[in-house]
Amino acid sequence: MTAALYRRLRCVLVLLALLLTAMPSMAQVWPGKTVRIIVPFSAGSTPDIVARLIANGLTEQYSGSTFLVSQLPYDPGKDIAPIAQLVTQPSALAVNQGLKVNTVGELIALLKANPGKYNFASIGNGSLSHLAMEAVALKAGTKLVHVPYPSSPQAMTAVIRGDAQIACLPAIAVTPQASSGAVKILAVSTAKRSPYLPDVPTLTEVGIDVEADAWNGLIAPGGTPKVLIDQINRDVVAIMQSKKVRDKLTAQLMEPVRGTPEEFRARIDGEIARWAPVIKAAKIKIN
C-alpha cells in the first residue's frame, strides 16, 4: 500500500480527514483544544453535507470545539488511522434517451459494436464515476471516451444534451432527471439493489461484475491513540444512527454505516485491491 497508490485513490475513497491536536498526556480530557474536520471537497458536495452533520453533532457533544475548513493541508496517503465509515450512496448508470437502449445488455452490445465512439461523463479524473465506467468498459471488452466535468450536475447536463451519452453518477444527481424522462437509468453499481431504487437491477445482476458504491469516512493521523479512535467512533456512529441525521441522509439517498475502525480499515484495503487493477489497465493518472 504505497503513498503513490493512495494519492491515486484519494478521489475514489472520498475520505474526510479528522485532524487531532497532539495530547500532552493520555489523562488529559479530550478534546482539550480545537478539533478540525478537514473536507477536501467543495461546499455542497456529498462529503461536505456529511461532514456538517457530524460536526453539528460533535459540537453539541464537545461544547463547540469542532469546526470545518475546506482545504486539505496534508497528504491523506500518509499516516492515516481509520475511525469510521459514515455513509454509502448508490451510483446509477444512466444513458441519453437518444441511444435507444433499454437494458445494460443492449448498451454493452452497442458499445462493443462501436468501440471509442461514445463518451461518458464523470465528475473528475480519478473519481468513482470515472473508475466505474472504465471498469464497465474493461468488463465489456470495449472502449469509451472519458469527458470529465467539475460536478455531478454538469456531468448530468452533458448526458441530457448528448455531449456525453453515458454516466455512472450518484443516484441523487440522476433520479430527478430520470423521473422527468430526460435520461434513462439502466442499473445501479452497488453490491445489492438500493432501497431507494428497488426496481433497478445491479450491474452484477445483469452480467457486468462491477461494484462502485460511493462512500464517505472519517480518518485521523496515524499514531492517534486507539482509545481516542474508539471514542470518536462510538460518538460518530451514534450521531449517524440518530433519527434526525438518518432522515437528512435519506433525503440525499444515503445510508448510514455502523462499523468499527477495523472494519473501516478492511473497507479501505478492499477498495485499493478493487480499483488498483482498473487504474493500471485504464492507465489513469491524477493530474
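Modeller: Happy to! L253 counts as buried, with a relative accessibility of 13% (buried is under 20% relative accessible area, exposed over 50%, partly exposed in between, with a 1.4 Å probe and protein chains only). Its phi is near 60°, a positive value in a residue other than glycine. L253 sits in the loop between α8 and β11 (255-256); helices (H or I, at least four residues) and strands (E, at least two) are DSSP runs, numbered from the N terminus.

Before going on, some ground rules: this is a predicted model, in which local features need pLDDT of at least 70 and side-chain atom pairs count only at pLDDT 80 or more, while totals for chains, interfaces and linings use all residues. Residues are numbered from 1 along each chain as its sequence is written, and side-chain values use heavy atoms, leaving out hydrogens and water.

Now to α8 itself. Helix α8 (residues 243-251) packs against helix α7 (residues 226-241) at an angle of about 65°, and their axes are 5 Å apart; axes are lines fitted to C-alpha atoms, for helices over the stretch in contact, and angles run from 0 to 180 degrees between N-to-C directions. On the α7 side, I239, M240 and Q241 take part, and they meet K243, V245, R246 and L249 of α8 (contact means heavy atoms within 4.5 Å). Sorted by class, this contact has four nonpolar, one polar and two charged residues; Ala, Val, Leu, Ile, Met, Phe, Trp, Tyr, Cys and Pro count as nonpolar, Asp, Glu, Lys and Arg as charged, and the others, Gly among them, as polar.

M240 also has a place elsewhere in the picture. The largest nonpolar core has 33 residues, of which L107 and I166 touch the most other members; such a core is a set of buried Ala, Val, Leu, Ile, Met, Phe, Trp, Tyr and Cys residues joined through side-chain atoms within 4.5 Å. A second, separate core of 22 residues includes M240, along with V50, I54 and A220.
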